[in-house]
Amino acid sequence: MPTEHQISPVRPASADVAAMERAAPPGPHRVPDRLDVARSRYDAAGLRSLVAPGWVHSAVYTDPRIFELELERIFHKGWVYIGHESEIAKSGEFRRRQMGRQPVIFVRGQDGEVRVFLNRCRHRGAIVCEVDEGRDSYFRCWYHGWTYSNSGELVSVSGPDGYGPSFDARENGLTPVPRVASYRGFVFATLDDAVPPLEHYLGGAAKVIDILVDSAPRGELLVRSGSNRTIYKGNWKQVGMDGYHPLFVHASVLATWERHSDSGHSLGATHSANPFNFDGVSETRDFGNGHTMLDFLKHRLNHSGKFRSILENTPGGADYIEALYAEHEESWADVLLAMAGDPHVGIFPNLQLINNQIRIVNPISVDETEVVMFPVLFANVSPEINALRLRQHESFYGPAGSGSTDDAEIFERVQKGLGASIDPWINISRGMNRERVEADGTIVGHISDEVPQRGQLKQWLTMMVGRPEFEEG
Amino acid sequence: MGVAMTERDEVSMFVRAGDDTSILPGSSLYSEIEALLYREAELMDSHSFDAWLGLWHPDGLYWVPSNGEDIDPRESVSIIYERYPQIEDRIFRLKDKRMHSQSPKSRLIRIVSNITASASGPADILAFSTFILGEVRGAEQQSLFGRAAHRLRREADGLRILGKKVYLIANDSPMRNVTFLL
């Protein structure tokens with residue numbers, strides 16, 4: 001086991017560090033020695049010292065210096081989810097989005113092309129798009145009147161004589177982000193042209209995104225129903241994929257579901273019979289690159305009759321079921337119906353597809369995070385099915401929902417607890433004794449295992465040190 | 001006069017019809033409405049959950065839109081969109097010690113003002129009011145500003161809330177938990 005797991009490169013002349021260097025390497029059931037990072041430098045070895053098999057140092061969640069590095073090396077470098085093509089279905093439609101600290105505009109030009117631009121006037125730097133969403137032919141900077149088309153060209157400069165003949169408008173259009181790519185309507189962008197293609201990055205997680213897309217007749221999703229914007233005082237990485245917490249964090253919700261187990265207007269409908277039980281068959285998956293999933297498939301296949309009957313009691317539900325079986329192989333349609341179109345997947349670093357929603361995680365500061373939740377509706381289904389999707393979403397998510405509010409409260413409690421940095425290690429070892437690796441490299445554990453936490457952290461470290469050299473154990 | 005209640009949908013329920021009759025301040029009906037809104041505010045501030053639920057009509061609709069005031073809840077997401085059985089679930093959870101977002105409970109004070117009301121029929125009232133709601137929880141203080149629309153129905157034992165729509169003017173901004181009664 002490499003010793004750099006415990007050793008910070010800049011060694012404060014303290015007895016603690018000397019003791020640490022002599023200590024045996026930590027394992028999942030032995031708490032690593034205390035590591036005071038107050039004076040350490042976060043070069044590759046320093047970053048590696050924050051991660052040990054089954055453990056992560058709380059500085060990863062609390063140190064503002066780490067947060068700045070994350071923005072630079074994860075959000076300003078790798079693939080970041082921007083939005084869904086249906087949000088800007090019409091030419092000229094736009095949405096404001098964020099890539100780390102970079103404000104960007106997600107827009108469909110007059111030519112029908114989807115683009116992502118920095119939201120910054122090429123003249124003196126003001127944002128040129130000041131509203132969250134809309135539809136327009138132009139973005140105008142109201143500081144001095146420079147005007148850009150919705151395809152990004154600089155179409156007019158006020159008082160052009162002041163710039164002389166050498167001024168080339170073509171070189172002064174809105175700055176496009178270096179690369180934009182889409183997977184089945186999900187648009188990602190990166191500020192660094194050197195990253196591998198999006199399909200490579202998504203890897204095995206792509207087929208899980210298919211669960212949502214294929215659940216819509218003809219694969220047409222509608223992400224045009226507004227959003228719930230929430231904020232909590234905790235680190236962005238707290239929004240993980242965790243199948244160990246529901247019995248405790250969501251105890252009051254589970255109790256409610258037991259009161260009305262057949263209510264279609266709650267997520268209890270798709271979570272029929274508790275899928276989180278310790279003796280249950282639900283799983284966790286780590287697809288690599290930080291993409292992780294709570295996989296309820298085996299559980300839900302055993303309980304798919306309930307969702308089917310809710311659909312059958314909803315106008316248009318029988319047609320919807322028929323459409324699924326007409327469009328897909330029977331076995332895949334069985335999966336789509338059992339899963340109720342819920343991939344329950346996290347795409348590192350800022351996208352989650354959970355139940356009926358697309359969720360964007362925006363890091364604000366080391367201890368503040370915005371989570372924006374966009375319910376996904378289906379084209380080509382009855383209004384009643386879409387209304388059901390909205391009502392199910394609202395029952396659990398959003399700032400007054402029953403579930404995500406308790407999550408946010410617990411994230412804030414964690415952030416406060418991590419302030420006790422004298423004892424800095426966080427235990428993420430659950431299930432290391434029983435996880436298995438499938439042929440394609442996917443790591444699989446029990447629903448309650450911390451396979452996703454380890455998978456996300458592995459990708460975090462890979463991106464933070466800049467090369468894929470991290471190995472567990 | 002007005003639209004029969006059964007024909008009114010979830011959107012028009014909170015819109016004043018052209019032929020509705022204004023209920024003038026100082027009238028006994030206006031005072032009764034005012035007293036109900038003040039009483040409701042007090043019950044919400046004091047976490048008197050069952051008493052608050054008792055103000056509702058069993059066909060009640062509790063609606064807190066997201067991203068604006070005039071959205072269509074059949075096509076757009078809300079913050080809360082609940083019929084009476086789901087309101088009852090909300091109360092069940094608010095009384096459950098394991099509702100962590102209310103442990104500790106929010107301390108609340110709200111000022112209700114600017115009440116206007118109109119009648120669509122002898123038992124069918126629409127009231128608008130504005131509010132400022134201050135919340136303190138865990139050493140954090142937040143202020144919420146909004147407008148409420150109440151569709152009230154007269155029953156044998158008094159006015160009942162048939163519908164309540166709460167427009168928070170910050171409902172398109174990042175929000176902390178609003179798991180107390182609005």
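Good morning. I begin with a pair of helices: the axes of α8(A) and helix α3 (residues 84-94) of chain B come within 10 Å and cross at roughly 140°. The axes are lines fitted to C-alpha atoms, for helices over the stretch in contact, and the angles run from 0 to 180 degrees between N-to-C directions. Helices (H or I, at least four residues) and strands (E, at least two) are DSSP runs, numbered from the N terminus. The angle makes α8(A) oblique to α3(B); under 35 degrees counts as roughly parallel, over 145 as roughly antiparallel, 65 to 115 as roughly perpendicular, and the rest as oblique.

Please note that this is a predicted model, in which local features need pLDDT of at least 70, side-chain atom pairs count only at pLDDT 80 or more, and totals for chains, interfaces and linings use all residues. Residues are numbered from 1 along each chain as its sequence is written, while chains are lettered from A and ligands numbered from 1 in the order in which they are written.

Which residues make the contact of α8(A) and α3(B)? From α8(A) they are A:S252, A:T256 and A:R259, and from α3(B) they are B:D89, B:F92 and B:R93. Contact here requires C-beta atoms, placed from the backbone, to lie within 7 Å. By class, this contact has one nonpolar, two polar and three charged residues. Ala, Val, Leu, Ile, Met, Phe, Trp, Tyr, Cys and Pro count as nonpolar, Asp, Glu, Lys and Arg as charged, and the others, Gly among them, as polar.

I turn to the two chains as a whole. In total, 34 residues of chain A are in contact with 30 residues of chain B. On the chain A side, α8 (251-259) is one of the elements that supply at least two residues each, and α13(A) gives the most, with seven residues. That side divides into 12 nonpolar, 14 polar and eight charged residues.

Next, the domains within chain A. An automatic or database assignment sets their bounds, giving domain 1 (80-190) and domain 2 (203-460). Their C-alpha centres lie 33 Å apart, and the contact takes 10 residues from domain 1 and 13 residues from domain 2. Strand β3 (residues 80-84) of chain A brings the largest share of the domain 1 side, three residues.

Finally, chain A has an open sheet of four strands, ordered β6-β5-β4-β7, with antiparallel pairing; strands pair if DSSP finds at least two bridges between them. β6 (114-118) and β7 (133-135) stand at the edges with a single partner strand each, so one side of each has no neighbour in the sheet. The twist averages 30° from one strand to the next. Thank you.

Technical notes: Two residues are in contact if their C-beta atoms, placed from the backbone, lie within 7 Å.
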